[in-house]
Amino acid sequence: MAKKKIVVAGGNGFLGSRICKSAAARGWDVVSLSRSGEPVWSSVTSSAEAPPWSKSVSWQKADLLKPATYQPMLKDADAVVHSMGILLEADYKGVLSGKESIWGGLSRAFSATKGGSQNPLEREVGEELKAQEKDGQLTYELMNRDSAIALAQEANAQKVPSFVFISAAAGTPILPKRYITTKRDAESTIASSLPKMRSMFFRPGFLYDSSRKFTLPIAFFGGAGSMINSVVGGRLTALAGAAVEKPLKADLVAEAVVEAIGDDSVKGVITTERIEELANKAWRRAML
């Protein structure tokens with residue numbers, strides 16, 4: 001496989017750092033974009049020390065809401081990856097931490113709609129995304145939808161041929177519906193507005209890894225739920241969403257993302273079964 005350059009927005013996160021690792025292992029040029037630069041390694045791996053492969057990655061500081069901070073890094077890239085959506089909004093976190101009342105926080109968190117940025121389809125290339133909520137809150141609309149659309153637009157303007165959006169298999173009963181609808185909105189908008197770009201929309205379920213011990217029991221019960229759901233013909237999906245989707249190891253998803261980038265025939269929505277197929281293909285390649 002020819003050497004490539006990829007840019008990973010959110011490359012210092014749980015999944016993003018593993019995408020960087022997988023791409024670096026292939027000898028590709030890898031650029032990570034995040035507000036803080038290099039990861040706090042204890043938050044994404046089992047060690048506080050930087051792993052040897054991290055020296056092969058360019059850890060750049062950038063603000064995804066301000067394209068001018070990352071535009072130069074997109075030059076000559078073969079693929080751009082968006083891997084930095086949010087799971088919980090600030091008011092939802094505020095309830096869990098006791099900073100907001102249960103009624104006030106949850107009523108806002110579960111509201112039918114919130115502001116994102118200005119209409120991303122009317123935004124000029126390079127124009128900053130402006131939060132529309134009064135307090136500037138980072139909403140699902142802003143981070144899961146508009147930042148992804150804007151990044152794809154900026155990549156397209158730089159003639160980047162491939163774009164990967166890390167979406168999700170489904171929502172869950174404990175999260176506002178907007179968590180998943182904003183991701184689906186991003187998928188459909190990118191696909192329809194940028195038809196010449198090869199877009200890939202990864203929809204994994206819950207991600208786990210032994211470096212995050214708390215993810216292991218969740219994955220165990222999720223795996224059991226997935227098997228039960230399979231036995232009943234998928235009828236639990238409408239009720240439980242991602243809670244009954246097969247959990248996947250974060251490294252497996254990362255390998256699949258990099259394999260997909262390297263295979264020009266891969267495009268569109270990529271669900272759990274296809275993710276596993278791509279990861280297996282990557283591992284077979286590595287064994288040769």
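Contact, in what I'm about to say, means heavy atoms within 4.5 Å. With that in hand, hello everyone, and let's walk through this predicted model.

Let's begin with Ser 58, which sits in strand β3. Which residues does Ser 58 contact, leaving aside its neighbours within four places in sequence? They are Val 30, Val 31 and Ser 32. Is Ser 58 buried, exposed or partly exposed? Its relative accessibility is 27%, so Ser 58 counts as partly exposed. And here is a pair to find on the screen: Ser 58 and Gln 118 are 60 residues apart in sequence, and their C-alpha atoms lie 31 Å apart in space.

Now for helix α5, residues 140-157. With 18 residues at 1.5 Å a residue, α5 should span 26 Å, and its end C-alpha atoms are 25 Å apart, which agrees. The helix also has a kink of about 35°, centred on Asp 146. How many of its residues are buried? The count is 15 of the 18, so α5 is largely enclosed by the rest of the structure.

Let's zoom in on one residue of this helix. Tyr 140 belongs to α5. The relative accessible area of Tyr 140 is 0%, and buried means under 20%, so Tyr 140 is buried. What does Tyr 140 touch, not counting residues up to four places away in sequence? Among its partners are Ile 86, Leu 87, Leu 88 and Glu 89, and also Leu 175, Pro 176 and Tyr 179. Thr 182 is another one of them. Tyr 140 and Thr 182 are 42 residues apart in sequence, yet 6.4 Å apart in space from C-alpha to C-alpha.

That brings us to helix α6, residues 178-193. This helix has 16 residues and reaches 21 Å from its first C-alpha to its last, close to the 22 Å expected at 1.5 Å a residue. Its buried residues include Arg 178, Tyr 179, Ile 180 and Thr 182.

How do α5 and α6 sit together? Their axes come within 8 Å and cross at roughly 15°. Angles under 35 degrees count as roughly parallel, so α5 is roughly parallel to α6. The crossing of α5 past α6 is right-handed. Residues of α5 at this meeting include Tyr 140, Asn 144, Ala 148 and Ala 152, while those of α6 include Tyr 179, Thr 182, Ala 186 and Ile 190.

The contact involves residues including Leu 252, Val 253 and Ala 256 of α9, together with Ile 275, Leu 278 and Trp 283 of α10.

Last topic: backbone angles. Most residues other than glycine have a negative phi. Which residues should we look at here? One is Lys 159, which follows α5. Lys 159 has a positive phi of about 60° although it is not a glycine. It lies in the loop between α5 and β5, and at 72% relative accessibility Lys 159 counts as exposed. Another is Asp 76, whose phi is near 65°, also a positive value in a residue other than glycine. Asp 76 is in the loop between β3 and β4. Its relative accessibility is 60%, so Asp 76 counts as exposed.

Definitions and conventions. Residues are numbered from 1 along each chain as its sequence is written. This is a predicted model: local features need pLDDT of at least 70, side-chain atom pairs count only at pLDDT 80 or more; totals for chains, interfaces and linings use all residues. Side-chain values use heavy atoms; hydrogens and water are left out. Helices (H or I, at least four residues) and strands (E, at least two) are DSSP runs, numbered from the N terminus. The expected span of a helix is 1.5 Å times one less than its number of residues. The bend at a residue is the angle between axes fitted to the seven residues ending there and the seven starting there. Buried means under 20% relative accessible area, exposed over 50%, partly exposed in between (1.4 Å probe, protein chains only). Axes are lines fitted to C-alpha atoms, for helices over the stretch in contact, and angles run from 0 to 180 degrees between N-to-C directions. Angles under 35 degrees count as roughly parallel, over 145 as roughly antiparallel, 65 to 115 as roughly perpendicular and the rest as oblique. A crossing is left-handed if the near helix is turned anticlockwise from the far one by less than a right angle, and right-handed if clockwise.
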